[in-house]
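I set out below my notebook entries on a structure that I am consulting for the first time. Each entry records what I looked up and what I found.

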Amino acid sequence: MPELPEVETVRRLLEATVRGRTIRAVRLSGLELREPIPRNLPRRLKGLRLVAARRLGKYLLLELDGGLTLLSHLGMSGRWLFHPRTPADDSPHVHARILFIDGSELWYQDTRRFGLLRLVATSRLGRDPRLSGLGPDPVAKPPTGPLLRAMAEGARIAIKDFLLDQRRLAGIGNIYASEILHRAGVDPRTPAGRVAADRWDAIARETGAVLAEAIERSGTTFSMYRTVWNEPGGYGEQLRVYDRPGEPCRVCGTAIRRIVQGARSTFYCPACQPPATRARRRAPPRRSSRARSRGRGGPSNRRA
DNA sequence: ATCCTATCCTGTAGGC
DNA sequence: TGCCTACAGGATAGGA
């Protein structure tokens, strides 16, 4: 669910809401996430102050004083929700409640429980196996085309799956992988090792552009994702191909196609993203007036 | 090594 | 209406 732009949105809002607050108590649900929530979390966090919210790929790092960092991954359905005051009504699937001394609360809610909460010594973050295997964060360290091309040398994995591999680049997920490849004009099935040099330049450029625009709009809410204020992200209406099978490409009007790669949906425009085995067309087909008029307003985000 | 599949879990949309 | 199946933005262990 949450990819880099969604996690970055949460990070920024946590900085704006809970940074500087001191923890009075932590309550746990007793249910396990992807791995068990440390049972000593309440004891170890009590009295600590949240000094910063950082991010690496899709990981959120809540840094506390006392040399500890709460490492969080949202999985598919995780949310951090901020409550200025204790809410009157309860919510299902809340697995951790952090109560601050000023009466505000920060809840971790995760319906599907694919998320992760663990406590790590801040000085040892770099050695945590979850983080040490991650590739560069494409927002913190924007990759260049030549770098990506070198990383992909000889790889037979499809470019779509290449972009999803967090050991290569950390932060891109299923939505933005499709969006990046459409904007870069690359067929998602192309073996990564056979993507042309100029397409790698385009992929590097569009990766930065897509992620920046999505962050600007507070991310994409497909169904589960919410900000810490429990609000949906606004990038859904900007999506060019993701979850738009059969609908006209916003560039050329051709029907968007859905295929399955690695048991997950990929969406692409067969005209704007021609197979690499054929001679590549330099320019995408001309934009029809019909596509233009449809593309402007954009369909509403179906699932809100 | 590299690549692919199955799996964890719950909610929901769509077919019948 | 209700039942059933398929699928959903994640990572990863294990097999080929």
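**Entry 1: P84**

I looked up P84 and found that it counts as partly exposed, because its relative accessibility is 44% and that class lies between buried, under 20% relative accessible area, and exposed, over 50% (1.4 Å probe, protein chains only). P84 lies in the loop between β5 (78–83) and β6; strands are DSSP runs of E of at least two residues, helices are runs of H or I of at least four, and both are numbered from the N terminus. Leaving aside neighbours within four places in sequence, I found P84 in contact with G103, S104 and W229, where contact means heavy atoms within 4.5 Å. I also looked up the pair P84 and E247: they are 163 residues apart in sequence and 42 Å apart in space, C-alpha to C-alpha.

**Entry 2: Basis of the model**

I note that this is a predicted model, in which local features need pLDDT of at least 70 and side-chain atom pairs count only at pLDDT 80 or more, while totals for chains, interfaces and linings use all residues. Residues are numbered from 1 along each chain as its sequence is written, chains are lettered from A and ligands numbered from 1 in the order in which they are written, and side-chain values use heavy atoms, with hydrogens and water left out.

**Entry 3: The chain as a whole**

I recorded 8 helices and 10 strands in chain A. The radius of gyration of chain A is 21 Å, close to the 19 Å that the globule rule gives for 304 residues, so chain A is as compact as a globular protein of that length; the radius is taken over C-alpha atoms, and the rule is 2.2 Å times the number of residues to the power 0.38. Along the principal axes, the C-alpha atoms of chain A fill a box of roughly 65 × 40 × 30 Å. Of its 304 residues, 52% count as buried. Among contacts in chain A with a separation of 6 or more, 66% are between residues 24 or more positions apart.

**Entry 4: Helix α6**

I asked how many residues of α6 (174–184) are buried. The count is 11 of its 11 residues, among them Y176, E179 and R183. The elements that cover these buried residues include α1 (4–17), α5 (159–164), α7 and β10 (264–268). Just after α6, G185 takes a positive phi of about 70 degrees.

Most residues other than glycine have a negative phi. S218 is placed in the loop between α7 (197–216) and β9 (257–261), and at 28% relative accessibility it counts as partly exposed. D243, also not a glycine, has a positive phi of about 60 degrees. The place of D243 is in the loop between α7 and β9, and D243 is buried, with a relative accessible area of 16%.

**Entry 5: The second largest cavity**

Which residues line the second largest cavity? I found I23, L45, L50, L62, L64, L70, I98 and F100. By class, this lining has 8 nonpolar, no polar and no charged residues. β3 (59–64) and β6 (94–100) each supply at least two residues of the lining.

Key. 1 Å grid on protein atoms, 1.4 Å probe; cavity = no way out; pocket = protein on both sides within 12 Å on 5 of 7 lines; lining within 4 Å. Nonpolar A, V, L, I, M, F, W, Y, C, P; charged D, E, K, R; others polar.
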